[in-house]
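Work through the exercises below with the sequence and the coordinates open. Each task is followed by a stepwise solution.

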Amino acid sequence: MKEYRYECFSFLMLIGGILASHFEQSWFATEHVRLIWYLIAILPVGLPVLKEALESLKEKDFANEFMLMSLAAIGAFIIGQYPEGVAVMLFYAVGEKLQDNAVDKARDNIRALLDMRPQTASVLREGELQIVTPAEVQIGETIEIKVGERVPLDGTLQNESVLMNTAALTGESVPRFFKQSEEVLAGMIPSDRIIHLIVNRSADQSVLSRVLKMVEEAAERKAPTEVFMRKIARIYTPVVMGIALLIIALPFCYSLLQPTFSYVFAEWLYKALVFLVIACPCALVVSIPLGYFGGIGVASRRGILFKGGNYLDAITKIDTVVFDKTGTLTTGKFKLDKVIGIVAEEEVLQYIVSAESQSNHPMAKAVIEYARQENIPILPVEFSREMAGYGLETKINGQQIMVGNYRLLDKFHITYPIELRSIPESLILCARDQQYIGYVVLVDELKEDAHQAILDLKKLGVRQIEILSGDKDALVQSIARKLGIDKAYGNLLPSGKVEHLEALKQEGRQVAFVGDGINDAPVLALSDVGVAMGALGSDVAIETADVVIQNDHPSQLATAIKIGKYTRRIVWQNITFAFVVKIIILILGTGGLATLWEAVFADSGVALLAICNAMRIGKLLK
């Protein structure tokens with residue numbers, strides 16, 4: 001309730017003044033007392049609006065809701081209708097606060113999702129590890145990073161080798177092997193051992209920092225999405241102001257043509273001000289934020305966090321959706337897909353499972369998990385030697401068993417079918433006593449709802465769906481074919497994704513980009529609507545995006561679009577109803593059949609109905 005303290009104060013002052021007038025309190029009968037009373041009442045809610053109106057005037061922007069509210073309130077005070085002036089500002093302040101609260105709630109939920117960024121670095125100084133901030137580490141110093149920790153600074157690897165999870169930066173689903181003296185970038189995560197790096201760039205010059213800079217630059221190039229209320233105000237405000245001016249000017253012109261007609265400026269100014277106050281869309285300025293409040297609330301309950309009502313509006317115009325692959329359409333985890341062998345497939349699989357039981361590689365873990373589920377017995381391993389970046393040399397049942405990639409078999413001069421190199425999926429090859437005998441195929445598993453997500457988007461009228469990924473192109477094309485996606489591009493760096501998205505926007509496309517990694521942040525910022533996967537996505541992606549899907553289900557994008565469309569429909573219903581009522585009151589007011597108070601109370605009724613209508617958004621989605 002504390003956040004509504006100014007609105008509550010103004011409301012209590014307004015009610016107090018109305019009651020004092022109704023019961024004809026002697027102390028309240030003086031005009032000066034009433035003026036001071038209502039000025040005190042309007043200041044807490046009116047000053048912020050007046051400030052915005054003045055800022056708009058400086059920028060020569062006259063057609064906005066701030067000008068309309070300010071003119072109506074000032075007009076009410078000029079003609080002595082003080083309570084109406086307070087009511088105008090109070091309605092507007094409450095409506096805006098309702099939407100702001102919905103947005104703040106969504107932002108709080110987003111903050112709760114964020115992973116902690118590397119705020120510290122373990123630097124080796126005088127033979128001891130010291131915990132400092134990354135900015136305090138000097139170029140040339142040695143830092144230590146434990147398994148599972150995110151690398152805080154770019155540096156040169158001192159270990160003989162290490163397996164790194166680079167998905168957040170590059171989008172590659174397969175962990176990457178690094179050798180001694182190779183560069184490791186901030187944001188990567190060591191998977192198999194503690195590593196030491198000699199720092200070669202300061203914190204503000206790291207690749208991660210440059211990606212963040214790209215995010216800022218992309219955000220600056222992104223066209224701002226106007227709040228719906230401002231779009232309405234740009235039409236409604238000049239029309240209302242024009243009619244008010246005509247109420248003053250037309251009788252004057254008529255008096256010039258008809259000298260018998262008595263024109264009194266003060267009288268027609270009063271009528272113009274009365275018109276301005278009646279025309280002020282109190283219900284409209286409440287009903288529109290209420291509609292977005294309802295939409296943001298419904299989306300939040302379904303695990304979809306919109307960072308503002310403007311994005312609810314923008315998502316309804318999307319005609320092109322671009323997906324990242326790893327972690328967005330796929331789980332980013334390996335699954336054994338099939339076994340191919342020139343000997344019995346069961347034999348090939350058992351050799352590979354037994355050999356991989358000696359490794360901690362993510363691909364090995366996927367094979368072991370499959371063996372556990374299928375109850376495949378693991379043979380005793382008499383000898384095992386892991387060659388980082390190649391695979392394993394083992395001895396099983398007295399036989400030499402080689403399990404690994406193409407490089408392993410090439411290293412030992414073992415021949416295998418050359419066409420295996422054209423297979424896009426990840427393979428584990430197997431050789432027995434220097435003879436190739438088969439392989440297993442591992443795939444980055446599609447998310448359960450990936451197919452449904454594409455079908456739902458097409459049903460909603462999304463004309464074009466694409467995939468942009470840092471993973472190898474052949475694999476990206478394979479995923480696209482499985483999902484029925486026409487266009488897909490692999491081997492892309494963050495800058496390549498930005499260039500591709502800019503090309504789409506130059507074609508006039510309204511683009512939504514869906515991603516989860518640090519490498520996706522620049523395109524999330526540049527797209528018309530950036531959508532981040534929140535459960536497993538990087539903190540940079542979540543902060544940059546306009547919409548966050550908490551449960552990582554791509555099918556939720558279609559739900560987000562539906563919520564946006566339903567919200568827009570509700571908002572338009574509220575707008576139409578508010579305008580119809582307003583026109584009726586204006587006609588009655590012109591004929592002397594409606595007073596200002598009837599106009600205000602009619603608006604209150606419309607606002608109440610708008611609240612009830614906004615509550616229907618959740619029911620429409622059931």
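**Exercise 1.** Which residues does L336 touch, not counting residues up to four places away in sequence?

Solution. This is a predicted model, in which local features need pLDDT of at least 70 and side-chain atom pairs count only at pLDDT 80 or more, while totals for chains, interfaces and linings use all residues. Residues are numbered from 1 along each chain as its sequence is written, and side-chain values use heavy atoms, with hydrogens and water left out.

Step 1. Helices (H or I, at least four residues) and strands (E, at least two) are DSSP runs, numbered from the N terminus.

Step 2. Apply the contact criterion, heavy atoms within 4.5 Å. With residues up to four places away in sequence left out, L336 touches L349, V367, Y370, V440, V441 and L442.

Step 3. Check a C-alpha distance: L336 and V443 are 6.5 Å apart in space, yet 107 residues apart in sequence.

**Exercise 2.** Classify L336 and D319 as buried or exposed.

Solution. Step 1. Take the cut-offs: buried is under 20% relative accessible area, exposed over 50%, and partly exposed in between (1.4 Å probe, protein chains only).

Step 1. L336 has 6% relative accessibility and therefore counts as buried. D319, at 13%, is buried as well.

Step 2. D319 sits in the loop between helix 10 (309–314) and strand 11 (320–323). Beyond four places in sequence, D319 touches V462, R463, Q464, R509 and Q510.

**Exercise 3.** Describe how helix 1 and helix 2 pack.

Solution. Step 1. Helix 1 (residues 5–22) and helix 2 (residues 31–58) have axes 7 Å apart, at an angle of about 160°. Axes are lines fitted to C-alpha atoms, for helices over the stretch in contact, and angles run from 0 to 180 degrees between N-to-C directions.

Step 1. The two helices are therefore roughly antiparallel, a term for angles over 145 degrees.

Conventions: Parallel < 35°, antiparallel > 145°, perpendicular 65-115°, else oblique.
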